[in-house]
Amino acid sequence: MSGTLYIFSAPSGAGKTSLVKALLEQTPGIEVSVSHTTRAPRPDEENGRHYHFTDTPSFEGMVEAGAFLEHAKVFDNYYGTARMSVDTPMQQGQDVILEIDWQGAEQIRRCYPEAVSVFILPPSKAALRERLQGRGQDPEAVIERRMRDAVNEMSHYVEFDYLIINDDFEVALQELRSIVIAQRLHLSRQVSREQALLQDLLS
């Protein structure tokens with residue numbers, strides 16, 4: 001039985017990364033696909049764990065070779081999801097999370113129409129700005145641009161299957177977990193997983 005593909009999208013600063021980290025800690029059998037990017041790593045980021053950091057010519061070469069399921073240019077940098085990073089773990093029964101923007105989500109849906117998509121919103125614009133400023137990593141001009149871009153990004157929530165408002169972190173985390181658990185309990189998956197039990201019960 002193959003795993004489920006999840007698409008998680010959110011504007012920068014909505015808390016998606018923290019929610020996904022906590023979800024992985026509390027939920028076995030699920031992993032995050034590590035994307036490729038041409039942006040420079042942040043101080044706390046590790047190559048191969050947070051992203052596969054690469055240069056622009058190498059990234060463009062992978063695009064030409066058809067290695068990506070989706071790719072996009074965001075904040076002047078390329079981001080992309082390699083096909084193998086999704087297909088291999090899913091074929092082994094592992095659930096896979098893609099943390100991508102709405103443009104990437106659109107491309108992924110064309111390849112995997114059965115993917116489950118979740119959009120995460122902040123509780124307010126003020127909270128979003130506070131979270132971006134709280135990182136202490138970006139100058140004010142970058143924060144202003146991220147705020148403008150966030151409005152456009154947030155307008156695409158209607159294209160997703162589920163919508164979570166990250167106001168109370170623990171509540172948002174449990175809502176995210178409930179989506180994953182519900183998918184695993186879907187009749188078609190339970191029939192496949194519990195075939196022997198069902199045959200025994202009905203014999």
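Is R184 buried, partly exposed or exposed? R184 is partly exposed, with a relative accessible area of 22%. Here, buried means under 20% relative accessible area, exposed means over 50%, and partly exposed lies in between (1.4 Å probe, protein chains only).

The model is predicted: local features need pLDDT of at least 70, side-chain atom pairs count only at pLDDT 80 or more, and totals for chains, interfaces and linings use all residues. Residues are numbered from 1 along each chain as its sequence is written, and side-chain values use heavy atoms, with hydrogens and water left out.

The structure holds 7 salt bridges. A salt bridge is a side-chain nitrogen of Lys or Arg within 4 Å of a carboxyl oxygen of Asp or Glu. One of them joins D95 and R184, at 2.9 Å from N to O. D95 lies in strand β7 and R184 in helix α7 (residues 169-184), so the pair ties together parts 89 residues apart in sequence. Helices (H or I, at least four residues) and strands (E, at least two) are DSSP runs, numbered from the N terminus. D95 is buried, at 5% relative accessibility.

Another salt bridge pairs E99 with K16, with the closest N and O atoms 3.2 Å apart. E99 sits in strand β7 (residues 95-99) and K16 in helix α1 (residues 16-26), 83 residues apart. E99 is partly exposed, at 25%. K16 is buried, at 16%.

E144 and R129 also form a salt bridge, their closest N and O atoms being 2.6 Å apart. E144 belongs to helix α6 (residues 140-154) and R129 to helix α5 (residues 125-134). A network of salt bridges links R129, E140 and E144.
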